[in-house]
Amino acid sequence: MLLIGASGHAKVICSVLETLQIAVTGIFDDNAAVRYLNEYSVSGPYDENFRKEDNLIISIGDNRIRKIISSKVKHDFGTIIHPGAVVDRKVKIGDGTVLLHGCIVQRDAVIGNHCIINTNASVDHDCIIANYVHVSPGATLCGNVMVGEGTHIGAGATVIPNIKIGKWCIIGAGAAVVKDLPDYSVAVGTPARIIRTLDITQI
C-alpha cells in the first residue's frame, strides 16, 4: 500500500497496515525535510509512475487537502479496516476510506470516499456519511444521521438521531448536536450552537 502524507495520521495508518500484514510500499510527502516516518523512508512528492499496481491511501487528516490530492492521484485507492473495528456486513464503504481501531459502524450505514472513521468512533444504523468526512476519536453518530461532504466531527462529539449536518462543517470536540446544521457551520458546546460560518472561498 502506498501512502501520501507523512504525518501523525500516517503513523496510525502504518500501524493498521502492519496489523493487517499489508506492506507499506512507499510514502510520498511534498516536505523535502521529511525523510523518514518511523522506520519507513519518505520518497518525496507523489510519483504517478511508482508501483502503478499498488493501491494508495491519502494519509492526511485535513479533509480539504484529501479532496485536493484525490483529484490528482492516478493510482487506484485502497480501503483500510482495522481488524478491531466492528463493521456490519451491510455497510457500504467508499474508496480511500479508513476505519481505525475500535470503531463501530452499524447496519446499512454508508461511508463515502476518503473518509476517516477514527479510533473508537461510532456510526450507527442508516447513517449516510459523504466524501472527505472525518469522524474523530470517540465521536458518536446515532441512527439515521446525515453528514455532508468534508465535515469534521470533533473528538467525543455526539449527534442525536435523524440529524442532518451540512457540508464542510466543523463540530467542536465534545459538542452535542441536537438540531440540523446548515453548510459551512462551526458549532460548539452542549447543546451545539453555531458560532460562525466558514468562508466558502477557503474550502
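Is Gly-61 buried, partly exposed or exposed, and what is its relative accessibility?

1. Gly-61 is partly exposed, with a relative accessibility of 31%. Buried here means under 20% relative accessible area, exposed means over 50%, and partly exposed lies in between (1.4 Å probe, protein chains only).

2. The model is predicted, so local features need pLDDT of at least 70 and side-chain atom pairs count only at pLDDT 80 or more, while totals for chains, interfaces and linings use all residues. Residues are numbered from 1 along each chain as its sequence is written, and side-chain values use heavy atoms, with hydrogens and water left out.

3. Gly-61 sits in the loop between β5 and α2. Helices (H or I, at least four residues) and strands (E, at least two) are DSSP runs numbered from the N terminus. Apart from neighbours within four places in sequence, Gly-61 contacts His-9, Arg-66, Ile-116 and His-134; contact means heavy atoms within 4.5 Å.

4. Ser-59 is found in the loop between β5 (56-58) and α2 (63-70). Ser-59 is buried, at 0% relative accessible area. Not counting residues up to four places away in sequence, the residues that Ser-59 touches include Ser-7, His-9 and Ala-10.

5. An unreviewed UniProt entry gives the feature "binding site" at Ser-7, Gly-8, His-9 and Gly-61. These positions span 55 residues in sequence, yet no two of their C-alpha atoms are more than 8.6 Å apart, so they gather at one spot. UniProt positions follow the numbering used here, feature names are shortened, and annotations may be inferred rather than shown by experiment.

6. Gly-8 belongs to helix α1 (residues 8-20). Gly-8 is partly exposed, with a relative accessible area of 47%.
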